[in-house]
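Subject: Structure handover

Hello,

Please find the structure below, followed by notes on what was found in it. The notes take the chains in turn and then where they meet.

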Amino acid sequence: MKNRILNIFAPLLLFCVVACSPVAPEKWSESASLPQIYPDYVNVTIPCNIAPLTFEINDDADEYVTRLSSGAVELLVGGKIVAPSIKKWRELLRAATGNEIKVEVFLCRNDRWTLTSPFSYFVSSDSIDPYISYRLIPPSYVGYEKLTINQRSLADYEEKVIYNNMLSSIEDKAQCINCHAYKNYRTDNMQFHLRQTNGGTIFVNDGKIVKLNMATDSTLSPGVYPAFNPVYDVVAYSVNKTGQIFHTRNRNKVEVQDVASDVIIYNPAANVVTNVSDSPDDLEVFPYWSPDGKKLYYGSAHFVITDTARTMMQEEIMRYRDIKYDILCRSWNPETFEFSAPDTVFAASRMGKSATFPRISPDGRYLLVALGEYGCFHVWHKDADLCLVDLQTGYYRLLDKANSPDAESYHSWSSNSRWILFSSRRDDTNYTRLYIAHVDPDGMDSKAFLLPQKSPEFYSMFDRSYNVPEFMVEPVRIAPHEFAEYAKGDAVNVKYSTNGM
Amino acid sequence: MNKNDKTQAFAVGESSNANFLSQWQKYFVAAFFVVVWAMLAFYESALLERIDAQSLFLYDTLFFKEMMSVPAGLLSYVGAFFTQFLAIPVAGATVFVALLFALYKTVKRVFDISDSNSLWALLPSVLLLALNVQFGYWIFYIKFPGWYFVPLLGTLFSLSAIECYRKLSWKLSLPVILLLAIFGYPLFGVYALFAALCMSVIGIADAVKAGNNKLLIFKGIVPAVLTVILSVAVPCAWYYVYQSVIIEFMYTAGLPGYSWDPRREFTSTILTYWLPYMLLFVSLLLYSALCTRLNGEGKSLRKTITMLVVALLSVAFVWFYWYKDNNFRIENKQNNAMWECRWRDVANYAKDADVPTRTIVLNKNIALLNLGTAGSEMFSYPDGSADIDAPFNVHLTQTCSMMSYFNYGKLNFCYRWCIENSVEYGWRVEHLKHAVRSLIAQREYTLARRYIGILKKTLFHSGWAEKQEKFLDNPELTLRSPEYVLPIQMCCYPDRLEVDDSYVEVYLIKSLTMGVLHGATNVYNEAVLLAILVRKDKEHFWEALAGYFSGRKIQRLPKHYQEAVLIYSTMNKSVDISNIPIDNSIRTRYSEFLKRAQRYKGMSEEEMAPHFKDFSDTYWYFYFFVRGIRSN
């Protein structure tokens, strides 16, 4: 009986497998034009350990076959959606590392096949960190509802929630979450903030969770934008009083502005915070440590009220285009906790520009900033681009291949300094998506590619923006519900100290 | 007639009475559903369309996954699926009433209710109808997708599960309850747990009826104890699987998301919104306990009276719960007409209000601006700021901000509120459509195309999306489109940084009256003048009037502007109005107005107002007697 069933179904199964397997056409004509694909992965440089790049072919045709090949290894995918299996993709990546994958898209119209102009994926031998994390947030202005901080494996498509604010939010007792950060790409020292109801900072110190209340009488606000010192056990924060105001016509839609901001550092061992820079005429923001942990970089804008009848907010509304941030740096003595006077590392304001979000490559060579015409919150500025400053030579250049006409911002370096991850609004001008670009040892960038998803149609329906992307070398292992217990609990008050100890 | 004959005759009589009892109940039930259908499909058609606009169902896997990411996700998904049919009120009402009828039949079948008792089976349908017709302004604030159909579908699911359970051997009681609670909960939320509860009640009732102690233990008491334990443990266990809800939500999964605000009085929250729910659950539990005892024939007179009382109470209950606020109906009718650019209808609907809400007034003003008759009509409609008939705060930001901002050319603000509202309440058809229009009007085509792409995945709004897509391919068409003419012409001001502080009308008036713009369009200048008139701003009136005159060839100044010229020139004698043509009829009427004002001198404005009703179509009436307008 069994054999009879097998006899009947085996040929059918074989037929199905053969019928479903794409076959490359034997004859075709060639077209000089590239296929229209989304996402645009044409001639991008990719790491040797990335998940399959899936894309959708937007050319009209009756049938589609795509051939991905490198040397003797070949992979055929049929249909409009090109989504190679992970197993075959990895074989292909192995064969193409340090070389390229050739992508040929065949279109069949009226029984005649056309080969569109082939393109390549250049497979870098520089690997990429295995995980990234980001906040998923609707591109909202004031309101918020569902927010999550997620982690994603880059070798495949697996995504997990690190924390979801709905685990501790309810209607009028809502809780906003933001600003996740890690020490040295590892997750046993990390943090994120909770705002409004049960506000505080969830701080993980060597794997132990604590909820902190970082508000003190001597600082402007609780810690906001964090930066773990990669070597020493301190965290720098900016403290900000931030407001939002809306453009009536400008496509940038909104200006997010600080009316006051300073930089502080937090010493977890002593549970104290200390002001680093609190000049009332300067707006300081986005601190970041050098790889040796002995220099603190941050953005700083000198901005004073010209008419004393106005409040700072009114002044900023009138002169928002005059707010220009430079990148400053202070040396830090980890033994005495003393900071030197600031040096200007990148004087963007002299060029009539504003540079924020300084990020130093882990090899210490490059400073990457978001550069726009004015202001600090470049995620809302369409003119914002990534700009690379060589800390050895002082030369800077815009990352022309990685940038787009829309806003680029919130960048981070991979732990080997060869990849940058950043958010960009280039796809639809509103929803930030994550792009990855290769930067070689000489600081030359390559065309950025969109974070691949299992389905290339994902982004067209996904209604949240990717925010504050960070590389990680390991996943966060603490469960969301464990964080939730702390999120709902009381916070430990942080004290203020003038000497950091 | 012997004794047997008498018994037979009595039996025949009883049978014919029972038939009569069954028959009129059948007719009553039929009439009930027909009337409900007609009321929903026609009387409440604007409301149904609005409810659909506050919902979204997409034929898309990501949408399905998002819906399934919370407990009761399947129920919500199916509810959202049915809600889309409300876009065509006749279809939506048909689906809803058909499901209500299915519920009635299911209750009758599950609890074995005889024809002569059939009105008992109608009660759950009555309660669910009452639940649905009471919402009013809640439609803007409920965050639970598919809420309109979810209670009905959830109850139907519970009853279907009970029906299956009753057909099984009692030995399967425990596994069925266990499986239902554990695996039914993520799909159907509390309805699965409720079904399990009903099953254990039925088990007890059956066992008691049979007088079997073993049965009582294994079909009744043990399942009941298990159900209670599962009702606590299952949501708690699933809490650790779902990563998107607080633990409290787990115990109300599948129920609508209106919260009980303890600051509000009892009647406006518990009674109004939750009572039908409570009665529904109690009635079904009672039916479970009385299982099969509602199938008897009983004494017909007593039963007839009982059934009549049930029928009357059912009608009264639904009528009591039916949200009958006239202003809300007008707002919905206006809104639907505005999407279809039926501007005259929008204005006419405003006449039906005794004291209108600010939404009605704003909508009417937009309609008149579109019609080009604001200057001659705007103050001849009822005006005021009626309180919103809702036991919670209703803000224009949720009800009409997007429509108002779009039409006044505040396109960024329109888009902003699309986003803010979609963030808080989830994307809805109305948000998407406003987003598309605001982006097309300011030529942000890439983003508009994204939202059009989403709308194209709906069943009833894809046609609208395709029409909008034509504007992307041929932008000049917007200049001739009745929906885009006003916003594009109104969007002629320079960029500024502003905030509305969530006060839509106040911001619009403030923004328009910031100063006359040079080079502004005629309609913008007119909107400025109208805003000045609304503000009763005598200082800036003449400047605004000059702005109105610039760039126009005016043969006859519209009526209200003539009225305003007279009143403001009376207040400021230094202004020379000899060059402004004023109709004799208006001058004469103004003289009458002044004379009457002299006659009632010394009275307060409130006391005077009734004596000036015949002037209620004038700006003078608005200026003196329409006071204390509150806009939120």
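What share of the contacts in chain A with a separation of 6 or more comes from residues 24 or more positions apart? The share is 58%, where two residues are in contact if their C-beta atoms, placed from the backbone, lie within 7 Å.

Before the rest, some conventions. This is a predicted model, in which local features need pLDDT of at least 70 and side-chain atom pairs count only at pLDDT 80 or more, while totals for chains, interfaces and linings use all residues. Residues are numbered from 1 along each chain as its sequence is written, and chains are lettered from A and ligands numbered from 1 in the order in which they are written.

Chain A overall

Chain A has 5 helices and 37 strands; these are DSSP runs numbered from the N terminus, helices being H or I of at least four residues and strands E of at least two. The C-alpha trace of chain A spans about 85 × 55 × 45 Å along its principal axes. The radius of gyration of chain A is 25 Å, which agrees with the value near 23 Å that a compact globule of 501 residues would have. That radius is taken over C-alpha atoms, and the globule rule is 2.2 Å times the number of residues to the power 0.38. Of the 501 residues in chain A, 47% are buried. A residue counts as buried if 20 or more other C-beta atoms lie within 10 Å of its own, as exposed if 12 or fewer do, and as partly exposed in between, with C-beta atoms placed from the backbone.

Domains of chain A

Chain A is assigned domain 1 (25-124) and domain 2 (131-493); such bounds come from an automatic or database domain assignment. The centres of domain 1 and domain 2 of chain A, taken over C-alpha atoms, are 36 Å apart. Across the boundary, 20 residues of domain 1 of chain A are in contact with 16 residues of domain 2 of chain A. On the domain 1 side of this contact, β3 (44-47) and β4 (55-57) of chain A are the elements that give two or more residues, and β3(A) gives the most, with 4 residues. By class, that side has 14 nonpolar, 5 polar and 1 charged residues. Ala, Val, Leu, Ile, Met, Phe, Trp, Tyr, Cys and Pro count as nonpolar, Asp, Glu, Lys and Arg as charged, and the others, Gly among them, as polar.

Strands and sheets of chain A

Strands β5 (residues 63-70) and β6 (residues 73-78) of chain A run antiparallel and are joined by 6 bridges; two strands pair if DSSP finds at least two bridges between them. Ser69(A) has Glu74(A) in β6(A) as its bridge partner. β5(A) and β6(A) form a hairpin with 2 residues between them, and Gly71(A) in the turn has a positive phi of about 60 degrees.

One open sheet has 4 strands in the order β13-β12-β11-β35 (chain A), with antiparallel pairing. Its edges are β13 and β35 (465-472) of chain A; each has a single partner strand, so one side of each is left without a neighbour in the sheet. Within this sheet, β11 (residues 131-137) and β12 (residues 148-153) of chain A pair over 6 bridges in the antiparallel sense, and Tyr134(A) stands opposite Asn150(A) in β12(A).

Another open sheet has 5 strands in the order β14-β15-β16-β17-β36 (chain A), with mixed pairing. β14 (175-183) and β36 (492-493) of chain A are the edge strands, each pairing on one side only. Strands β16 (residues 200-205) and β17 (residues 208-213) of chain A pair in the antiparallel sense over 5 bridges, with Val210(A) in β17(A) as the bridge partner of Phe203(A).

Chain B has 31 helices and 1 strand. Of its 632 residues, 46% count as buried. The domain assignment of chain B gives domain 1 (21-321), domain 2 (328-490) and domain 3 (553-632).

Between the chains, 37 residues of chain A are in contact with 32 residues of chain B. On the chain A side, β13 (159-164), β19 (235-247), α4 (458-461) and α5 (480-488) each supply at least two residues. β19(A) also pairs with strand β1 (residues 497-498) of chain B in the antiparallel sense over 2 bridges, where Phe246(A) has Glu498(B) as its bridge partner.

Regards
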